[in-house]
Amino acid sequence: MAKSSATKDAQALLHSLRSAYASTPTNLKIIDIYVLFAIFTAVIQVGYMAIVGSFPFNSFLSGVLSCVGTAVLAVCLRIQVNKENKEFKDLPPERAYADFVLCNLVLHLVIMNFLG
Amino acid sequence: MAASSDTVVTPSSLRQAFGNVFSLFILILIGVLAFSIRLFSVIKYESVIHEFDPYFNYRVTQFLTKNGIYDFWNWFDDRTWYPLGRVIGGTVYPGLTLTAGTLWWILNSLNIPLSVETVCVFTAPTFSAFAAWATYLLTKEVKGPGAGLTAAALLAMVPSYISRSVAGSYDNEAVAIFALIFTFYLYIKTLNTGSLFYATLNALAYFYMVCSWGGYTFIINLIPMHALLCIVTGRYSSRLYIAYAPLVILGTLLAALVPVVGFNAVMTSEHFASFLVFIILNVVGLVYYIKGILTPKMFKVAVTLVISAGLIVCCAVVAVLIALVASSPTKGWSGRSLSLLDPTYASKYIPIIASVSEHQPPTWPSYFMDINVLAFLVPAGIIACFLPLTDASSFVILYLVTSVYFSGVMVRLMLVLAPAACIMSGIALSSAFGVFTRSIKFASIGKQVDAGDTGNGVTQNDVVKPDKTEEPPKEKASRKKKKEKENVEKTPIVAKSERRLLMLPMEASVVAILLLMLLGAFYVVHCVWAAAEAYSAPSIVLTSHSHDGLHVFDDFREAYAWLSHNTDVDDKVASWWDYGYQTTAMANRTVIVDNNTWNNTHIATVGTAMSSPEKAAWEIFNSLDVKYVLVVFGGLVGYPSDDINKFLWMVRIGGGVFPHIKEPDYLRDGQYRIDSMATPTMLNCLMYKLSYYRFVETDGKGFDRVRRTEIGKKHFKLTHFDEVFTTHHWMVRIYKLKPPKNRIRGKTKKSKSKSNSASSKRSATRKKNPWH
């Protein structure tokens, strides 16, 4: 009984999540896919490290942190360009995007340095 | 002021512009003050590098300017830690050196031919001016420009910071404090604006901090603590996410770029807190996001589902982490950090950390000496920060609380407390002045509505500096309130605001302002005294005032000059590690140990040699290829920090590695003494002999002015060492090891039979001996 109610709840939850998410604007959805892809890449790298070993540790580190950093920055961009977010009303999306690009540039310059 | 709204706009914007120009002017003055108050050492002594570590930094800077950045990164220094050497590029925090090197390069390319030494001497004062400006920015983000100006003025002359940044004190802290404050400023700025641009700058500032000082771990633990505090108290916002998450990723990568930190940035426990909070923050961010898109009812369902599943995963992760951390012997923490968490750790396990006086816990007077009246203003500042509590002010409070703890553990970290205390006191002073001047202003308005402003102006003209600095916030605050009310109703404005604002009687507030000014004046007087008298001594040139005038003791430079002129370039000089940096920098001779203290065994070897009898010491030194032994002796002129006073630490450190050196052998009934009651081990050890050799010839009695006793053993001869140089005031004495063949001839057979029974170390050294 408890189990079935839990699965029902879960189904209802998934349904409402999907319906709620469907209303998000397309540009945010694109960012979401980007974030998911970055996280997915990071997970693959961690899995690879678990199997093969972490020998060139700086390569592993820069690979994973590159993915995580990309994801985090994209999340930040998503927060800033989200129209529903009241905190960033006076921040134009162009400015947010420029900041995002700058931050990414710095991140990947550092990573290129760190790859060794 | 009580005019219609469009006439108010022009004067107020004009006034704001005027206020901006005014505060810029004050800031410039504060910078000049911060710079010039640190020049006492140059004026009273000369433009020299101070103390010990600065000499090393100076030497590295010289190398950098001469050979360029690539050679600097690859520099293997064979002048120190003989025979091991040291990889300088990979073991030094390069921030300070690179800063000074860049400054020198810029100046030279502008055709301003300053020497490297001059640039090094004036780096610290310059950066303390920057630090004052950074404090202004930080406090402005927290509590408005008035508090900012006050805090900057306080920081410009806080004695604790002066002690580390007088001209010539060319040490990491000189630039690190600026980097610390600036990083905090950018964090707060990001937190307030939520802009990725500032987040990037924040990471870069953090990078500079990592480059400059090991104290960067304070930042990487404090900011996570603040983020966690915000989450726990329900103040999570997307701005917090933007401020924190990119900083951790970028900051970790940037920190890993610094060779001395390297993989430590992800491997040691000091940094784990930031990753943990990063994960928590991401989870919390996701939760808030889901909460935002779901209906409250569905959210509840989701929470119950996730919590039941999530708890199991969390437990597993925590268990793995704990197992990982516990598997390393020191739990992944470095010695210095451990001694911060457990103040008794160092004295128990690491004598080499405990032996440094600046790693000792401070005494109460040193708080008064170093932050003076700020100590009393800080609580008021905390209260002011709670009204109202914002993200920024909670950060400042957290910064203060943690730094108070750290300063209680190590004297050296008083330096971290000083900016926090200045910010708090700045806030306190500024809001106190705000309340008082506002009540004066409204009191005068109550009497005469139109003359309100002039009355206020008159009182302000009397007040010299601190009052000027508080002008902007009070104006702003009162103006804001006024504007709000003017829209509603005009005439009963005074009565209403009088009720609303915390009003004090005019006489009381005038008296209070005067008292506060007196407090400020007291602080200024104390700071100037501290800068001029207490903290400006370069410690390589000493002076003393006596009834027959000023005496200058320049013995250190005399000795190092003698070494550089009279010894061979490749000769090795042994001394206690304190003098290692100076010997390499000033005399350009190879030393056995230096202030870097990275190899405890090596230091213990020198400590053992100093505490052994002459012959054993000669053997140890000879095995290390040492030609000269340098000891610092203050008994003649009363210089207290000499080698005899440091000797017990040599015994302890030596005994920690070589157990045949036992501390009780050197103590008579637990007392350290060098008079006739001293133990025979003490009277026969090398340090005693080298210090007091021929000492009795000076006054016939052998009276030691530091220990205030007559020495125990007055007439003795050295068998294995030759005195080659003693400086004018006997402060530095240099001995040469006697060549081996004179001593061993005729004893060969005996020593051979002995060497079988002798310890393995000794026989090893004998084998190396070419004359044997």
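In this predicted model, the count of aromatic pairs over all chains comes to 42.

| Pair | Centre to centre | Angle between planes | Geometry |
|---|---|---|---|
| B:Phe218 and B:Phe406 | 5.6 Å | 80° | edge-to-face |
| B:Tyr693 and B:Phe716 | 6.2 Å | 45° | tilted |

Start with the edge-to-face pair, B:Phe218 and B:Phe406. B:Phe218 belongs to helix α11 (residues 216-232) and B:Phe406 to helix α21 (residues 391-409), so this contact ties together parts of chain B that are 188 residues apart in sequence.

Now for the tilted pair, B:Tyr693 and B:Phe716. Here the partners come from loops: B:Tyr693 from the one between α34 (686-692) and α35 (696-699), B:Phe716 from the one between β9 (709-710) and β10 (721-726), so the pair ties together parts that are 23 residues apart in sequence. With a relative accessibility of 18%, B:Tyr693 counts as buried, and B:Phe716 does so at 14%.

Ring pairs link B:Tyr693 and B:Phe716 into a cluster with B:Phe633, B:Tyr688, B:Tyr692, B:Phe695, B:Trp730 and B:Tyr735.

Finally, which charged residues sit over rings? Among them is B:Arg38, whose charged end is 4.9 Å from the centre of the B:Tyr161 ring. Another is B:Arg652, placed over the face of B:Trp649 at 4.5 Å from the ring centre.

Notes:
Residues are numbered from 1 along each chain as its sequence is written. Chains are lettered from A and ligands numbered from 1 in the order in which they are written. This is a predicted model: local features need pLDDT of at least 70, side-chain atom pairs count only at pLDDT 80 or more; totals for chains, interfaces and linings use all residues. Side-chain values use heavy atoms; hydrogens and water are left out. Rings of Phe, Tyr and Trp (its six-membered ring) pair if their centres lie within 6.5 Å; planes under 30 degrees apart count as stacked, over 60 as edge-to-face and the rest as tilted. Helices (H or I, at least four residues) and strands (E, at least two) are DSSP runs, numbered from the N terminus. Buried means under 20% relative accessible area, exposed over 50%, partly exposed in between (1.4 Å probe, protein chains only). A charge sits over a ring if NZ of Lys or CZ of Arg is within 6 Å of the ring centre and within 35 degrees of the ring normal.
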